[in-house]
Amino acid sequence: MLYQTKAGWMAAPKKRVLFFGMSGLGKTFLASMLRASGDWFHYSIDYRIGTRYMGELIADNFKREAMKVPFLRELLLSDSVYIASNITFENLAPLSTYLGKPGSVTRGGLEFEEYMRRQAQHRAAEIAALLDSGHFIRRAQEIYAFDHFVCDSGGSVCEVVDPFAESDPVLDALERELLLVWIKGSDAHTEELVRRFDRAPKPMYYQPEFLDRAWTDYRVEKGLREDQVNPDEFIRWTYARALAHRQPRYEAMARRGVTLLAEEVVQVKTPDDLIALIGHAIERRPSTERTHDAHHPAK
């Protein structure tokens, strides 16, 4: 682990952290607060995915839809209009829209094969964006003179690594460069996230084995063919199961770093509050995790 003690963390002239955990528990809020202080470089994994690695795919999907409209088709073919996504740290809708939802095409869904193809694209993009963290740490220092660095990861980070393995190339690389910080929600937080998702279901990335099993189980349970599946109903059904699937994966990842409770995070008002909270989290790490550090020291 990058910072072995609370004192080492508090005194470190260069603080580097990666937040991970379920969406909606404060990762982006904390990262944005640090960026707004003027002392931290904010690196968003989802933004990097949507711009560097999937930006062309997203824009081409917009163009594909526009070509179905005669008026827009003529304008596109004559280079009279320009179509691009406008992804921001706060608005990742173009990326979510591209991922889509499986199910009935007439209800706005994607055929499952196409849906899985886009999921695979996202997986490759997310791994690449995570591995770019070290590059951006150095870029932030060399170009912008930022010593402090925060990586705001997506909720699916635990799906693209093997947190239970003794060694994982992506996690190993991240642990060498950053302090991994899990924002852990309670059962009440999970219930609220499920309620929020039920009101406005949105596309997500899932581990392919989990997704394939969920797709089969759902159709068997409901007695539906693939083209009969309501896309929103399927992802609602899947979401709570996905949170349960991810929880032990997050917990395994946290053995490489520290854990903040979501109820602690909501009390954070300033960067100094957060720095102190992380110091406390380092201090309270279980002895089993300290043993992991002794055998696998961060380089």
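Reader: At 1% relative accessibility, does Phe149 count as buried or exposed?

Author: The term buried means under 20% relative accessible area, exposed means over 50%, and partly exposed covers what lies in between, with a 1.4 Å probe and protein chains only. Phe149, at 1% relative accessibility, therefore counts as buried. This is a predicted model, in which local features need pLDDT of at least 70 and side-chain atom pairs count only at pLDDT 80 or more, whereas totals for chains, interfaces and linings use all residues. Residues are numbered from 1 along each chain as its sequence is written, and side-chain values use heavy atoms, with hydrogens and water left out.

Reader: In which strand does Phe149 lie, and which residues does Phe149 touch?

Author: Strands (E, at least two residues) and helices (H or I, at least four) are DSSP runs, numbered from the N terminus. Phe149 belongs to strand S3. Contact means heavy atoms within 4.5 Å. Leaving aside residues up to four places away in sequence, Phe149 touches Lys15, Arg16, Val17, Trp40, Phe41, Tyr43, Ser133, Phe136, Ile137, Ala140 and Leu178.

Reader: What is the order of the strands in the open sheet?

Author: Two strands pair if DSSP finds at least two bridges between them. Here 5 strands form an open sheet in the order S2-S3-S1-S4-S5, with parallel pairing. Strands S2 (40-44) and S5 (258-261) stand at the edges, each with a single partner strand, so one side of each has no neighbour in the sheet.

Reader: At what angle does helix H3 run to S2?

Author: Axes are lines fitted to C-alpha atoms, for helices over the stretch in contact, and angles run from 0 to 180 degrees between N-to-C directions. Helix H3 (residues 45-53) runs at about 55° to S2 and lies across S2 and S3.

Reader: How is the crossing of helices H7 and H11 to be read?

Author: Angles under 35 degrees count as roughly parallel, over 145 as roughly antiparallel, 65 to 115 as roughly perpendicular and the rest as oblique. Helix H7 (residues 112-131) and helix H11 (residues 208-222) have axes that come within 11 Å and cross at roughly 160°. H7 is therefore roughly antiparallel to H11. On the H7 side, the contact is made by Phe112, Tyr115, Met116, Gln119 and Arg123, and on the H11 side by Pro208, Leu211, Asp212 and Trp215. The residues of the contact of H7 with H11 divide into 6 nonpolar, 1 polar and 2 charged.

Reader: How do H7 and helix H9 pack?

Author: H7 and helix H9 (residues 169-177) pack at an angle of about 25°, their axes 9 Å apart. The two helices H7 and H9 are therefore roughly parallel to each other. Ile127, Leu130 and Leu131 of H7 meet Pro169, Val170, Ala173 and Leu174 of H9. This contact of H7 with H9 divides into 7 nonpolar residues, no polar and no charged.

Reader: What is the phi of Asp79, and what is that of Ala145?

Author: Most residues other than glycine have a negative phi. Asp79, which is not glycine, has a positive phi near 55°; Asp79 lies in the loop between helix H5 (70-77) and H6 and counts as exposed at 70% relative accessibility. Ala145 also has a positive phi, of about 60°, although Ala145 is not a glycine. Ala145 is found in the loop between helix H8 (133-144) and S3, and is exposed, with a relative accessible area of 63%.

Key
Nonpolar A, V, L, I, M, F, W, Y, C, P; charged D, E, K, R; others polar.
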